[in-house]
Amino acid sequence: MISLVIITLNQQEQLSKSLPLWLAQKDADFEICVVDKNSEDDTVRMLEDMEEEYTNLRHIVIPRTAHGINKDRLAVMLGIRGAVWNRMIIIRPHVIPPTEQWLREIADTWDPGKPILMLPVMQGSKLTFRQRYAMYMAQHGRAKWALGHAIGYSKDFFMSSGGFPGKTSLPTFNALVRYFSKPNNTQIIKDAEHTLHSLVS
């Protein structure tokens, strides 16, 4: 049982391509929650139409009154707090699964004792140098960056850790890794079979 949280802003075109692939996942109990950061395109209307067909799809729109705070982190926090299941996969709209069984296989692979799951996202035909270096660091117990625009996280762990740290200039997913990842609480997906793909090359 997994909650898929998608953070988006004016990415209707990418969502229109990636959402059907996620909704087509087989043999898995899952929900999809799309958190919209006040898109000016027709993202919300598209989601409302799709929700009439898919009962496991819903969306959240962050308040327009949310000034003076990092809207990306607010979106992630709202997605985490609103997630039905404890285990979550948080992604960007351009991330797509490599197979129709990916969610089930990840659910089976994810060690319940590891609240952080580092997920590589391949852009093009291979991982970037930065991704490979980040994976090397993580394998040696010094995880500093996410492996792409996707990360697995435990809702209980996020809430008990106090959420995001105070002042940091790190991108959202990197902050979730840098400040909270330890050798004993982080699992790394390394095999090509379960490497996520990207609509953006």
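Predicted model: local features only at pLDDT ≥ 70, side-chain atom pairs only at ≥ 80, totals over all residues.
**Notebook: salt bridges and the fold around them**

I began with the charged side chains and found K37, D72 and R92 linked in a network of salt bridges. I count a salt bridge when a side-chain nitrogen of Lys or Arg lies within 4 Å of a carboxyl oxygen of Asp or Glu. I number residues from 1 along each chain as its sequence is written, and side-chain values use heavy atoms, with hydrogens and water left out.

**Entry: the network**

I took the D72 to K37 bridge and read 2.9 Å from N to O. D72 sits in helix α3 (residues 71-82), and K37 sits in the loop between β2 and α2 (43-51). The two are 35 residues apart, and the pair links distant parts of the chain. My helices (H or I, at least four residues) and strands (E, at least two) are DSSP runs, numbered from the N terminus.

I then looked up D72 with R92, where the N to O distance is 2.7 Å. R92 is in the loop between β4 (87-91) and β5, 20 residues from D72. This pair, too, links distant parts of the chain.

Are D72 and K37 buried or exposed? Both are buried. I call a residue buried under 20% relative accessible area, exposed over 50%, and partly exposed in between (1.4 Å probe, protein chains only). D72 has 11%, so it counts as buried. R92 has 16% and is buried as well.

**Entry: E100 and K26**

I searched the whole structure and got 7 salt bridges. One further pair I noted is E100 with K26, whose closest N and O atoms are 3.0 Å apart. E100 lies in the loop between β5 (95-96) and α4 (102-109), and K26 lies in the loop between α1 (12-23) and β2 (30-36), so the pair ties together parts that are 74 residues apart in sequence. E100 is partly exposed at 37% relative accessible area. K26 is partly exposed at 40%.

**Entry: I106**

I moved on to I106, which is found in helix α4. I106 has 0% relative accessibility, so it counts as buried. Which residues does I106 contact, leaving aside its neighbours within four places in sequence? I listed I2, I89, L117, L119, I189 and H194. Contact here means heavy atoms within 4.5 Å.

**Entry: the whole protein**

I counted 7 helices and 10 strands. The C-alpha atoms fill a box of roughly 45 × 40 × 30 Å along the principal axes.

Buried residues make up 51% of the 201. Among contacts between residues at least 6 apart in sequence, 79% join residues at least 24 apart. The accessible surface comes to about 9800 Å², and 50% of it belongs to carbon and sulfur atoms. I used the Shrake-Rupley method with a 1.4 Å probe.

Last, I looked up the charges. There are 23 positive and 21 negative side chains, with the centres of the two sets 14 Å apart. Lys and Arg count as positive, Asp and Glu as negative; His and the chain ends are not counted. I placed each charge at NZ of Lys, CZ of Arg, CG of Asp or CD of Glu.
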